[in-house]
Amino acid sequence: MSITIAIANPKGGVGKSLTTMMLADGLALSYGARILVIDLDPQAGVTKSLLGIDAEQELRDRRIGLGAMLQAFARGRDIRLASHRVAASDLLELQDRQNGLIDILPSNHELLGDMADFERSAHRKRRRDRLDVQLSNVIRAEVKKIDAEYDVVLVDCPAGPGVLGLTGIRLAHHILAPTSLETNAYSTLTDFLKFILADDLDLASHVMVHPLITQYQATNSIQREMLLHIKEGLAHLNAISKPIPYTSALQNAAAHPGVGSARTARQKYGNALPDVVALAKAVVERISTNA
Ligand SMILES: Nc1ncnc2c1ncn2[C@@H]1O[C@H](COP(=O)(O)OP(=O)(O)O)[C@@H](O)[C@H]1O
Ligand SMILES: [Mg+2]
């Protein structure tokens, strides 16, 4: 059975999509892991990072992706996730590995409209469950059918309090919550944890939450102090202890490449490649000690 990790935090711009991409690459490269990425964000940052900025039109023409899957659902058709995913293994190093691969269920900006179709169809069918519960049930059932093909399912959640983000965390065994080190971000994270604890469907007993400090600048003394403060409460917070440093190499890696621009891990991450590997290791350690 594969393990599902949602990368989630209601705050935007804290590094969710970058973390999803690093983790997919890091797990595939370091562990030969077989990864399915589910992009739940209409902004489609991970889709563009992994498939290229120009893939969007082609995917739309071919009616592939989460949005197309929801449209099929709304029309009462077969929605097979298996036929809506695409291969995203652009890391040439992976070709040397026996098992490492990255597939993605892509997203695009039309996902919001497709969600409205999904909602209308649920309404017609007089379903009583909340939309996030319905959608997570639909996706979970589809993932189950292809579960044996993957070791890890990574779910990139959008910011905000909406249905799609909630759907992501309902799918998860583990929630990885990237957060930057500023008071605003920290208070959003605390509210997020409270929300999970108070969930009426008992999310808290189904998932482990792991905060992850991103955009960490070791030269910033205020950030260093905050990190120390958080480390004191590590056991309680269940945090990933190693922060992700803020580097231009990581920022470049997250930039969207064009068509046919397969990049090796070295080309993609440059001198930040060891950080990608370290993140994968830290997450594997964290999750296996909490299994
Ligand atoms: N550790 C980091 N180093 C450099 N840039 C980062 C880092 N973490 C995030 N960023 C940048 O911050 C911006 C927001 O990150 P993103 O992953 O899109 O956030 P989210 O998905 O939470 O909205 C992006 O431009 C990304 O490249
Ligand atoms: Mg994002």
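A residue counts as buried if 20 or more other C-beta atoms lie within 10 Å of its own. In this predicted model, the buried residues of helix α4 are Leu-66, Gly-67, Ala-68, Met-69, Leu-70 and Phe-73. They pack against strands β2 and β4 and helices α5 and α6 (131-146).

**Helix α4 and helix α5**
- Helix α4 spans residues 66-74 and helix α5 spans residues 111-124; their axes come within 8 Å and cross at roughly 20°.
- Angles under 35 degrees count as roughly parallel, and α4 and α5 are therefore roughly parallel to each other.
- The crossing of these two helices, α4 and α5, is left-handed.
- On the α4 side, the contact is made by Leu-66, Gly-67, Leu-70, Gln-71, Phe-73 and Ala-74.
- On the α5 side, it is made by Leu-111, Asp-114, Met-115, Asp-117, Phe-118, Arg-120 and Ser-121.
- By residue type, the contact of α4 with α5 comprises 7 nonpolar, 3 polar and 3 charged residues.

**After helix α4**
- Gly-76 follows α4 and has a positive phi, near 70°.

**The sheet**
- The model has an open sheet of 7 strands with mixed pairing, in the order β3-β4-β2-β5-β1-β6-β7.
- At the edges are β3 (86-87) and β7 (208-213), each of which pairs on one side only.
- Strand β2 (residues 34-39) and strand β4 (residues 101-105) run parallel and are joined by 5 bridges.
- Ile-35 has Ile-102 in β4 as its bridge partner.
- Both β2 and β4 are among the elements against which the buried residues of α4 pack.

Terms used
Residues numbered from 1 in each chain as written. Chains lettered and ligands numbered in written order. Predicted model: local features only at pLDDT ≥ 70, side-chain atom pairs only at ≥ 80, totals over all residues. Axes fitted to C-alpha atoms, helices over the stretch in contact; angles between N-to-C directions. Helix = DSSP H or I, 4+ residues; strand = E, 2+ residues; numbered from the N terminus. Parallel < 35°, antiparallel > 145°, perpendicular 65-115°, else oblique. Left-handed = near helix turned anticlockwise from the far one by under 90°. Contact = placed C-beta atoms within 7 Å. Nonpolar A, V, L, I, M, F, W, Y, C, P; charged D, E, K, R; others polar. Pairing = 2+ DSSP bridges. Buried ≥ 20, exposed ≤ 12 C-beta atoms within 10 Å, placed from the backbone.
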